[in-house]
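Reader: I am new to this structure and would like to be guided through it. Could we look at it together?

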Amino acid sequence: MQQVHDRSGPVVGIIPAAGRGVRLGESLPKAFVELGGRTMLDLAVESMLGSGAVDRVVVVAPPELAATPPAELVSEKYADRVVVTAGGAERADSVRAGLRAASGAQFVLVHDAARALTPPELFTRVADELRAGRRAVIPVLPVTDTIKSVDSGGVVTGTPDRATLRAVQTPQGFDADLLDRANRDTGDATDDAGLVERLGESVQTVAGDPLAFKITTPLDLVLARALFAAADRTEEGN
Ligand SMILES: Nc1ccn([C@@H]2O[C@H](COP(=O)(O)OP(=O)(O)OP(=O)(O)O)[C@@H](O)[C@H]2O)c(=O)n1
Ligand SMILES: C[C@](O)(CO)[C@H](O)COP(=O)(O)O
């Protein structure tokens, strides 16, 4: 008889929030920059836990903030389901630190604090695929520009077929033991799924969301603040 694997265990969110935000150019670490009076980190935690798809969250903070009580970093409503741990020099180091603090998880969703406007539905979409049996799930969007590869002198070396390309977002969801195994071998992957791909495991894509864009540059911050203010006005009008 085929064994049915129980996939009803805990989902733990890992929020890497230890980056400096060099490209954003603000005076404090990026996750603590505010949109409409709330930090990106607080908004990301609210969206993740408010989705109902995630049981608890590990916030990976800059080392100097890692001893801060959760209630001082996120909304009181969610603080008792949040733990804080210290991040590392690179994003991958921070994710590894988050994994160490995610004991007991059957699934993990790794989500950038910098994607502060991600709608709750995206967490549910990724978690549902995991519960249904996928071991690695990432949200993606079609690429709208033509992409070229170039050599070190800036000369074009190729034009990949755009129809086969996707822009990758977070939350990226995994069986916790799979992501743990993928992280034993340190590499230069720019996302968590990249490490899993190297193990030869299949990674399933689901539809991403334009609002899950990563706030990376000053222009992104202008857009995020405008979108946040517009959403606030809509809520007030209802
Ligand atoms: N050492 C690091 C670097 C990044 N991150 C987190 O990873 C997410 C995505 O990274 P990115 O947007 O590149 O943030 P920064 O590294 O802060 O940006 P920059 O490269 O401009 O400094 C962010 O939520 C960031 O806080 C992290 O936890 N630890
Ligand atoms: C993980 C990621 O957000 C997927 O798009 C992205 O690769 C992070 O890259 P960054 O350069 O560390 O922001």
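This is a predicted model: local features need pLDDT of at least 70, side-chain atom pairs count only at pLDDT 80 or more; totals for chains, interfaces and linings use all residues.

Reader: Thank you. How many helices and strands does the chain have?

Author: The secondary structure amounts to eight helices and twelve strands. The radius of gyration is 18 Å, close to the 18 Å that the globule rule gives for 238 residues, so the chain is as compact as a globular protein of that length.

Reader: And what does the C-alpha trace span along its principal axes?

Author: The C-alpha trace spans about 55 × 45 × 40 Å. Of the 238 residues in the chain, 37% are buried. Among contacts with a separation of 6 or more, 69% are between residues 24 or more positions apart.

Reader: Let us turn to the strands. Why is β1 described as largely enclosed?

Author: Strand β1 covers residues 11-16, and six of its six residues are buried, so the rest of the structure largely encloses it.

Reader: Which residues of β1 point which way?

Author: V11, G13 and I15 point one way, while V12, I14 and P16 point the other way. In a regular strand, side chains alternate between the two faces of the sheet.

Reader: How many bridges join β1 to β4?

Author: Five bridges join β1 to β4, residues 56-61, and the two strands run parallel. In this pairing G13 stands opposite V57. β1 also pairs with β6, residues 107-110, in the parallel sense over four bridges. There, V11 stands opposite F107.

Reader: Now the core. Which residues of the largest nonpolar core touch the most other members?

Author: They are M40, L41, V59 and V108, in a core of 61 residues. Helix α1, residues 40-50, gives the largest share of this core, with seven residues.

Reader: What does M40 touch?

Author: Leaving aside residues up to four places away in sequence, M40 touches K30, A31, V33, L35, A113, A114, A116 and I215.

Reader: Why is α1 said to be largely enclosed?

Author: Nine of the eleven residues of α1 are buried, so the rest of the structure largely encloses this helix. The buried residues are M40, L41, D42, L43, A44, V45, S47, M48 and L49. Just after α1, G52 takes a positive phi of about 80°.

Reader: What about α4? Which of its residues are buried?

Author: A92, S94, V95, R96, A97, G98 and L99 are buried in α4. The helix covers residues 91-100, and seven of its ten residues are buried, so it too is largely enclosed by the rest of the structure.

Reader: And which elements do those buried residues pack against?

Author: They pack against β1, β4, β5, β6, α6 and α7.

Reader: Changing topic: which residues come nearest to ligand 1?

Author: P16, G19, V22, R23 and S94 come nearest, out of 23 residues around ligand 1.

Reader: Which residues are around ligand 2?

Author: R91, D112, V168, Q169, T170, T190, D191 and K214 are around ligand 2. One residue of this shell is nonpolar, three are polar and four are charged.

Reader: Finally, where is there a cis peptide bond?

Author: A cis peptide bond joins T170 and P171, with omega about 10°. T170 is one of the residues around ligand 2, and P171 lies in the loop between β10 and β11.

Technical notes: Residues are numbered from 1 along each chain as its sequence is written. Chains are lettered from A and ligands numbered from 1 in the order in which they are written. A residue is near a molecule or strand if its C-beta atom, placed from the backbone, lies within 6 Å of it. Ala, Val, Leu, Ile, Met, Phe, Trp, Tyr, Cys and Pro count as nonpolar, Asp, Glu, Lys and Arg as charged, and the others, Gly among them, as polar. A residue is buried if 20 or more other C-beta atoms lie within 10 Å of its own, exposed if 12 or fewer, and partly exposed in between; C-beta atoms are placed from the backbone. Two strands pair if DSSP finds at least two bridges between them. A nonpolar core is a set of buried Ala, Val, Leu, Ile, Met, Phe, Trp, Tyr and Cys residues joined through C-beta atoms within 7 Å. Two residues are in contact if their C-beta atoms, placed from the backbone, lie within 7 Å. The radius of gyration is taken over C-alpha atoms; the globule rule is 2.2 Å times the number of residues to the power 0.38.
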